Amino acid sequence: KKGMSKLLVAFHMGLKTRAELERALPEILLMLDDVEGGIAALQAVLAAGPLEGSSSARLSAATRLTRVGLLLERPELVEEGLAAARVEYDRSLRSTGGRFSYHSRLPGLLVKAGRAPEAEQVLANALKAAAPKEGEAYFNCYATQDLLMQLCAFYHTIGRPGDVVMLLDEGPLWGAGDLAQLLDKETSEFSSGRGELALGEVAADALWQTGNRAAASAIILNALESKPGRDAGYALLLRDRGAKALPELERLAALNPFEERPLIWKAQLLLDEGKLEEAEATVRKAIAIDPSDGEQGPGDRMRAYLILGKIREKRGDEKDAELFGNVMKAIRLSETADRYYEAGLLSRAAALYSESLGYFADAYCIQSRLARQLAELGRFDEAQAHYRRAYELMPVSFGRVESHCFGCESAFEGKPQQTIAEEVFTRLAKETPEKPQVHYLLGYLYEEQGRVPEALAAYWEATRLDPDYLNAWKRWLSLAAGGGAPSAAVDTAVLALIRLDPQGQHVSQEKWSQLDSPKLLWESVEAANAKRPQSPTALYPLKASQAFLAARPDAGVQPRQSRGETPQGIVLERLDFLAPLLK
């Protein structure tokens, strides 16, 4: 029976040859919960020795062995996996002269294994190898900039804010003279294994903890304007300003009405102050923007429901408090399941997803993830029931923007899934024709199937029912870019996106150039610019980096915004010759 299961899984994975099957054997065994067999297969890959071109496969095996060891609390596997990963790291440094390495994976694994000093040494060695060499005529700063950001994230994770400040002040290889040029840069997050940290947040936290609260306060606000969807920034804002943060939260919410985070943290602040009725109205407004809340990493996802549960508890509604408490139990248990999935232990992940549905069965994201993994395991009949339930839940789980949670991005991948989805959405369109999300989902499905005219019609119907449906306009315009759509309809879509998202936080501003009228484009961009906060030119000087750039004008491309990345620049790049006439 197990042998047949292996063949079914291999067939589902598209493996055609014996060699492909052998390479995938560790993954298949782990998927089917033959953990000891999977471990032995991973160890066999590592024992084969470093063959030409095998670094990627060996690193993958080493990483997976380490993750399995961490999850199963087997330190001998962790040690073996880390030792093999370190060998591949050292080999990559030698073979590329320090210009490329697998350092980005190894430090995170070391931190999770409780070996922070080794992680620090790995990053320090990589930075030393990437530094400019004596007599080098040209130096590109991007590699060292990335490593400095990783070091800052590392020190932030292990609680050494002074070292973050030291890197900002004394690091010469940032490739920029001021933190303002790097505010929205992101780097790997070390504690949870998923998600990223923004350099602005890390710098603000370090400066605040080391006593430079004036600089930290300015950086926090500018970081939130640049990255308004990050919980870490709001946590810093409330820590810095307390109740005085309320006007800033309201300003940020007004700047970006399709970003729910300012409202979530406003609700938290109102809850802390005991203003329960106002807090509940605010958090429900946040939930309406994006009920799925899938973009956040572990520990932050569904924060709005956590706050709502606390509000209902304080208002004496034990039933609702228990309901939202179970929602959070389901989400956190599913995040544990995510870790098993990432380690390749699909059968165990599926069991945990199934357990989490016992707390909250109406979580479309958990239904979708469980369905996908059951299908990967060859358990197609079980998968179909969960796919069907996920599709039934989607219309009430989507707002005017939706953010897919981990593993939900491919919900319509595969013909059986598409057949079920079409059946469900078509039925719901007849039962609730006035609900724009149903038509949006039909458009999403038709687009996945390559049925472009039908997808365009479905998206357009969603926008007719709700002219403020940002994602429906966004997907319609992206699909219409292939040609064939009337220019008047394209203009309508572009103008809707400029009206709804003048900051360009959700939709690339390059799409604005699809406006047929250059004059209208120019005027629309000018109106949008009037609503944009002024970007700072200076926030915190990177003194050593300034000195290095002054001494080395050949130090490569500095990370500052090009004209083509600004809203006005989009027009100027394409319409330079018309600019004098249009002003």
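## Two helices that meet: α12 and α14

In this predicted model, Asp-231, Tyr-234, Ala-235 and Leu-238 of helix α12 are in contact with Arg-261, Pro-262, Trp-265, Gln-268 and Leu-269 of helix α14. Sorted by class, the residues of this contact are six nonpolar, one polar and two charged.

A pair of packed helices is described by the angle between the two axes and by the distance between them. Here α12 covers residues 231-241 and α14 covers residues 261-272; their axes come within 10 Å and cross at roughly 35°. The crossing of α12 with α14 is right-handed.

## The chain as a whole

Stepping back, the chain is made up of 583 residues, and 51% of them count as buried. Its secondary structure consists of 29 helices and two strands. If you take the contacts between residues at least 6 apart in sequence, 63% of them join residues at least 24 apart.

## The nonpolar core

The largest nonpolar core contains 178 residues. Which of them have the most contacts inside it? They are Trp-174, Tyr-391, Met-394, Phe-412, Phe-425, Tyr-440 and Trp-476. Helix α17, which runs over residues 318-342, supplies the largest share of this core, with nine residues.

Setting aside neighbours within four places in sequence, Phe-412 is in contact with Tyr-391, Met-394, Gln-418, Ala-421, Phe-425, Leu-441, Tyr-444, Leu-445 and Glu-448. Tyr-391, Met-394 and Phe-425 in that list are also among the residues with the most contacts inside the core.

Arg-312 sits in helix α16, residues 303-314. Is this arginine buried or exposed? Arg-312 counts as buried because its relative accessibility is 14%, which falls under the 20% limit. Beyond the residues up to four places away in sequence, Arg-312 touches Glu-280, Arg-284, Asp-317, Asp-320, Ala-321 and Phe-324. Between Arg-312 and Phe-324, the C-alpha atoms are 8.9 Å apart, while the two residues are twelve places apart in sequence.

Ser-545 belongs to helix α27, residues 543-551. Its relative accessible area is 0%, so Ser-545 is buried. Leaving out residues up to four places away in sequence, Ser-545 touches Gly-171, Pro-172, Trp-174, Gly-175 and Ala-176. Trp-174 in this group is one of the core residues with the most contacts.

## A glycine between two helices

Gly-378 is found in the loop that links α19 (364-376) to α20 (380-397). With a relative accessible area of 19%, Gly-378 is buried, because the limit for that class is under 20%.

How far apart are the C-alpha atoms of Gly-378 and Leu-32? They are separated by 9.9 Å, although the two residues lie 346 residues apart along the chain.

## Two loop residues with positive phi

Most residues other than glycine have a negative phi. Asp-33 has a positive value, near 70°. This aspartate is in the loop between α2 (18-31) and α3 (35-47). Its relative accessibility is 33%, so Asp-33 counts as partly exposed.

Glu-73 is another residue other than glycine with a positive phi, near 55°. You will find Glu-73 in the loop between α4 (55-72) and α5 (75-96). Glu-73 is exposed, with a relative accessible area of 69%, because exposed means over 50%.

Conventions:
Residues are numbered from 1 along each chain as its sequence is written. This is a predicted model: local features need pLDDT of at least 70, side-chain atom pairs count only at pLDDT 80 or more; totals for chains, interfaces and linings use all residues. Side-chain values use heavy atoms; hydrogens and water are left out. A nonpolar core is a set of buried Ala, Val, Leu, Ile, Met, Phe, Trp, Tyr and Cys residues joined through side-chain atoms within 4.5 Å. Buried means under 20% relative accessible area, exposed over 50%, partly exposed in between (1.4 Å probe, protein chains only). Helices (H or I, at least four residues) and strands (E, at least two) are DSSP runs, numbered from the N terminus. Contact means heavy atoms within 4.5 Å. Axes are lines fitted to C-alpha atoms, for helices over the stretch in contact, and angles run from 0 to 180 degrees between N-to-C directions. A crossing is left-handed if the near helix is turned anticlockwise from the far one by less than a right angle, and right-handed if clockwise. Ala, Val, Leu, Ile, Met, Phe, Trp, Tyr, Cys and Pro count as nonpolar, Asp, Glu, Lys and Arg as charged, and the others, Gly among them, as polar.
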